[in-house]
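Work through the exercises below with the structure in view, and try each task before reading its solution.

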Amino acid sequence: MAETTILVEDVSMVFSTRDGDVHALDKVNFGAREGEFFSILGPSGCGKSTLLRIIGGLLRPTDGRVAVNGSRVTGPTPDVGIVFQSPVLMNWRTVLDNVMLQAEVRGLNLKEYRTRAMGLLEMVGLAGFEDKYPYQLSGGMQQRASICRALVHDPPLLLMDEPFGALDALTRERMNLELLRIWEASRKTVLFITHSIPEAVFLSDRVAIMSPRPGHLDEIASTRLPRPRTMATMEEDTFVKTVGTIRRSLKQEGSID
């Protein structure tokens, strides 16, 4: 059995504001296995992004603990790469220089990691765009560059916070296929945040379903879809039934009116 890469135990998060405390997460528990594509699905405002930032070491939980590869998370760690909702590329840096930012910040061997960065850009179809600037790329191309930046230091865990939410439907489908291709080539453990039920089912091995705020995990569903997956997968009975089952679970919890 694969080892546990992410372990979340009784994680709660309360934010203090001028208008009072906001209870974002309530005793969240789950584990994600090595090499697994694990999605967290839930309505806007349920604490999905907060949970991802806690796992990535960007926030400290009010209660509970998180471990990555057996080590407790107390801050940012080289074991994690993060892709945010927007690409967050620096407009004054070329595509290659944006990808190399991780290596620069971490004090890595720039010559060695430049070779790796070039290989990643080729893998995601951006060979020939190394010297372009972000404004010269489409939204999907920018997000592919941000995935390369998250992978350049070769972390075992990739955290993705609704990375395709701002893209049009056709580009989003293409990026889902591209992400699966990257994942199949690297076999990183991926934690993927989304509010799209079909996207979660299409990409994932398992899907965790979160309640409305304060967020907690109601259940974890296995997709049981064979790999590799194509657009034709979305027409299969197993896919349609799994989407329907998860939609009913969200409706029962009040996540869908």
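**Exercise 1.** In this predicted model, find at what angle helix H2 and helix H3 (residues 110-123) pack, and state how H2 lies relative to H3.

*Solution.* The axes of H2 and H3 are 10 Å apart, and the angle at which the two helices pack is about 130 degrees. Angles from 65 to 115 degrees count as roughly perpendicular and those over 145 as roughly antiparallel, so H2 is oblique to H3. The crossing of these two helices is right-handed. On the H2 side the contact includes Val95, Leu96 and Val99, while H3 contributes, among others, Leu110, Tyr113 and Arg114. Sorted by class, the residues of this contact are ten nonpolar and two charged, with no polar ones.

**Exercise 2.** Determine how helix H2 (residues 95-105) and helix H4 (residues 139-151) are oriented to each other, and which residues make their contact.

*Solution.* The two axes come within 7 Å and cross at roughly 30 degrees. Because angles under 35 degrees count as roughly parallel, H2 and H4 are roughly parallel to each other, and their crossing is right-handed. From H2, the residues in contact are Val95, Asn98, Val99 and Gln102, and from H4 they are Ala145, Cys148, Arg149 and Ala150. By class, these residues divide into five nonpolar, two polar and one charged.

**Exercise 3.** Decide whether cysteine 46 and cysteine 148 are buried or exposed, and state how many disulfides are counted.

*Solution.* Buried means under 20% relative accessible area, so cysteine 46, at 0% relative accessibility, counts as buried. Cysteine 148 has 1% relative accessibility and therefore also counts as buried. A disulfide requires a pair of cysteine sulfur atoms within 2.5 Å, and by this rule the count is zero disulfides.

Technical notes
Residues numbered from 1 in each chain as written. Predicted model: local features only at pLDDT ≥ 70, side-chain atom pairs only at ≥ 80, totals over all residues. Heavy atoms only, no water. Buried < 20%, exposed > 50% of the residue type's maximum accessible area, 1.4 Å probe, protein only. Axes fitted to C-alpha atoms, helices over the stretch in contact; angles between N-to-C directions. Helix = DSSP H or I, 4+ residues; strand = E, 2+ residues; numbered from the N terminus. Left-handed = near helix turned anticlockwise from the far one by under 90°. Contact = heavy atoms within 4.5 Å. Nonpolar A, V, L, I, M, F, W, Y, C, P; charged D, E, K, R; others polar.
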